[in-house]
Amino acid sequence: MKPEAYKIWKNPEHRGESPKYLGDFYPPKGQVCFFNSDLTALGFGAGDYTIRVPSLIRKIYALPEWQKVSVIE
Amino acid sequence: MSDLSRFQVEAEAWGISLGTRFELESLVQPSLRPLEDFTEEDYNEFEFRGRVAELLGANGLIGKAKRYIDCARMGFCLECEGEEHHRFFSPLYCDLRFCPRCAPRRFARLFARHCRALEYIRRHVVRGFRLREITLTSINTGSLSADQIKKFNKHVKLTIRRLMKSLRGWGAIWVDEVGFNNTNLHAHVLIYCPYIAQERLAAVWQLVSGHQVAWIEQSHVFGPKALLHLLKYVSKPPANDPKIIGMLEVAFHGTRRVHALGLFYNFAGGDEDGEESEWQTCPKCGAQLTLIKGQHSVRELRALGLEFIGFFKIKGKNKKWLN
């Protein structure tokens, strides 16, 4: 069974707008979180991203539920 | 479309709960600083709990490791069957002995369990008997194991039994304790008994255990206060080093830390393990409370606007106490 994935959103530029859901992703092998270079490699441009860490990973590695990554070009 | 409807549609499309959608909103809005509510204290707690859990896991206590990490992070929802359907949340606690959050909870349960003996003592005074405090120490070996603790407890029990031989109406309760951030195992005993000379106590302790240092004095406080004084050792973890906390949890796995003999054993009551929930009825309207199946993160439950049921407990008890 495929493990629960990380969900990634791009933060809105203006207040009142919804974040843009980019889909379900997995970090590169051996990592438990995303770095900005990983997001660049996925083809995401500059901006702020919010990532939801799957519950299983959170439990095992004692990670917070939300991760915030900024990509600067 | 209202914000709520929009959030409901988005939550469904993105495969997350409505609570998570609300939480996401507070994180992504440009005017709000993300993760603002996750303070340095939270990160430190995570770090600390993670290191303790690592040790527990390495010693085969996987279940305890998970409970320790997740203490009060997950919770469940309670809904009342009254007309207004009041909803509350209650966190899931790890209830481990050396958890900074759960140690005071254990202390409260132990106090409730053993204070009846003191009430009996107050009503049935035995001539010449007093509440006395004994300290029995052991040699610090630099490490602690379950066998070592079991053997130590056996020695304490045997010493008290020898001292109380042929006497009636006595009672004793003791707590295993270690020094702060070290492995200096000793026992604090609250005993209701006649006068015992310190020399005799030390001689029996040495004969039984081989350890030398033992001390006895008449309790400076009376009744429940004496028990409060004894159990204070249970109320806070004896270390701020995750390695020591992990080691203590492993060493005390399957071993009690508080032991009772005589009167304290006979009158022990209450729910030490907290299996009976206090929350049978709604604190707002008194209707029956129902537990809604499923666990959620406490953040999620808070984001849904649910109130922590424990707040009502504190208010209620304070009022009772004042009256």
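Predicted model: local features only at pLDDT ≥ 70, side-chain atom pairs only at ≥ 80, totals over all residues.
Figure 1. Of the contacts in chain A between residues at least 6 apart in sequence, 49% join residues at least 24 apart. Chain A contains 2 helices and 4 strands, and these elements follow one another along the sequence in the pattern β-β-α-β-α-β. Buried residues account for 18% of the 73 residues of chain A.

**Figure 2. Overall composition of chain B.** Chain B comprises 12 helices and 9 strands. Its 323 residues include a buried fraction of 31%. When contacts in chain B between residues at least 6 apart in sequence are considered, 74% of them join residues at least 24 apart.

**Figure 3. An open sheet of 4 strands in chain B**. The strands of this sheet are arranged in the order 8-1-2-9, and their pairing is mixed. Strand 8 (289–297) and strand 9 (307–308) of chain B form the edges, each pairing on one side only. Strands of a sheet pair through backbone hydrogen bonds, in either a parallel or an antiparallel sense. Strand 1 (residues 74–80) and strand 2 (residues 87–91) of chain B are paired in the antiparallel sense, over 5 bridges. Within this part of the view, Cys77(B) stands opposite Phe89(B), a residue of strand 2 of chain B.

**Figure 4. The contact between chain B and chain A**. Chain B contributes 22 residues to the contact, and chain A contributes 16 residues. On the side of chain B that touches chain A, helix 1 (3–14), helix 2 (18–28), helix 3 (40–58) and helix 4 (62–70) of chain B each supply at least two residues. Helix 3 of chain B gives the most to this side, with 4 residues. By residue class, the side of chain B that touches chain A divides into 12 nonpolar, 4 polar and 6 charged residues.

**Figure 5. Asp95(B), a residue other than glycine with a positive phi**. The phi value of Asp95(B) is near 60 degrees. Asp95(B) is located in the loop between strand 2 and helix 5 (103–123) of chain B. Asp95(B) is classed as partly exposed because 18 other C-beta atoms lie within 10 Å, whereas a buried residue would have 20 or more.

**Figure 6. Asn181(B), a residue other than glycine with a positive phi**. For Asn181(B), phi is near 60 degrees. The loop between strand 4 (171–177) and strand 5 (186–193) of chain B holds Asn181(B). Asn181(B) has 13 C-beta neighbours inside 10 Å and therefore counts as partly exposed; an exposed residue would have 12 or fewer.

Note on methods
Residues numbered from 1 in each chain as written. Chains lettered and ligands numbered in written order. Contact = placed C-beta atoms within 7 Å. Pairing = 2+ DSSP bridges. Nonpolar A, V, L, I, M, F, W, Y, C, P; charged D, E, K, R; others polar.
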